Amino acid sequence: MENKKGFLKYFYSIILLFFLTVINAQNLDISVLRDININRNKALDPTFKTLTNSAIIISNATPIFIYAVGLIEKDSLIKKKGLLIGETFIASAFITIALKNAIKRDRPFVTYPEIEQQTSAGPLSFPSGHTSSAFATATSLSLAYPKWYVIAPSFLWAGTVGYSRMHLGVHYPSDVLAGALIGIGSAYLGNEMNKWINKRKKATKIVIIKGL
């Protein structure tokens, strides 16, 4: 009986700690967003709207452009890089949509009327789709072309896209952070899977050649 009471006390303490952590995280989330959105420089609104709108455009255009270059140059490696970047974008979009529909978090301006919405947005907030797309593109592009003049501007752009979502009042900081992690993770996972597939193909070819 004593052991049971001790276990229940421990269990309820863990539950209480969990909820307190969630509440504190939510308080921090909205506190940071208020600082960014309410105290923003409104003269920069058009700039951040342009950056926000660039996320999907650039994420779609980048793999198409690189694949087209590969076709023109008749370079299979460039075409593969274009395909990989496109696959990363699709994977991050799929994961983002799945999580949005599973979690169903309302936009911050819905829950907190003081947050000023400055761009159009759907009903679901977590995670940020624009941010995941931008970071998926930036990371996969950097992996395909690991040069500082590719990496630096790519991540600078992706970071400003993420910030623009908070500046414009359509995402919490946690939405943006999750979106960035999804984008980066999708790119690295896709890159590693591509390496593994290529190794398997090479190994299969060697076995076939030896068998002949």
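These are my notebook entries on a predicted model of one protein chain, read from its overall fold down to single residues.

**Ground rules.** I number residues from 1 along each chain as its sequence is written, and I keep in mind that in this predicted model local features need pLDDT of at least 70 and side-chain atom pairs count only at pLDDT 80 or more, while totals for chains, interfaces and linings use all residues. Side-chain values use heavy atoms, with hydrogens and water left out.

**Overall fold.** I looked up the secondary structure and found seven helices and zero strands in the protein chain, where helices (H or I, at least four residues) and strands (E, at least two) are DSSP runs numbered from the N terminus. Of the 212 residues, 37% count as buried, a term that means under 20% relative accessible area, with exposed meaning over 50% and partly exposed in between (1.4 Å probe, protein chains only). I also checked contacts, meaning heavy atoms within 4.5 Å: among those between residues at least 6 apart in sequence, 77% join residues at least 24 apart.

H5, residues 129-144, has 16 residues and reaches 22 Å from its first C-alpha to its last, close to the 22 Å expected at 1.5 Å a residue; the expected span is 1.5 Å times one less than the number of residues. I noted that 14 of the 16 residues of H5 are buried, so this helix is largely enclosed by the rest of the structure. H6 has 20 residues and reaches 28 Å, close to the 28 Å expected, and its buried residues include Val150, Trp157, Ala158 and Met166.

How do the axes of H5 and H6 cross? They come within 9 Å and cross at roughly 175 degrees, the axes being lines fitted to C-alpha atoms, for helices over the stretch in contact, with angles running from 0 to 180 degrees between N-to-C directions. That makes H5 roughly antiparallel to H6, since angles over 145 degrees count as roughly antiparallel, under 35 as roughly parallel, 65 to 115 as roughly perpendicular and the rest as oblique. Among the residues making the contact I listed Phe135 and Leu141 of H5 and Trp157 and Arg165 of H6.

**The cores.** I then turned to nonpolar cores, each a set of buried Ala, Val, Leu, Ile, Met, Phe, Trp, Tyr and Cys residues joined through side-chain atoms within 4.5 Å. The largest has ten residues in all, including Ile30, Leu33, Phe109, Ile115 and Met166, and helix H1 (residues 2-37) gives the most to this core, with three residues. Apart from it lies another core, of eight residues, among them Ala55, Phe135, Trp157 and Ala158.

**Ile115.** I found Ile115 in the loop between helix H4 (108-111) and H5, where it is buried, with a relative accessible area of 4%. Its C-alpha is separated by 9.3 Å from that of Ile30, 85 residues apart along the chain. Leaving aside neighbours within four places in sequence, Ile115 is in contact with residues including Ile30, Leu33, Phe109 and Gly169.

**Backbone details.** Lys74 has a positive phi of about 55 degrees although it is not a glycine; Lys74 lies in the loop between helix H2 (45-73) and helix H3 (76-103) and counts as exposed at 75% relative accessibility. Lastly, I recorded that the peptide bond from Phe126 to Pro127 is cis, with omega near -5 degrees, and that Pro127 is in the loop between H4 and H5.
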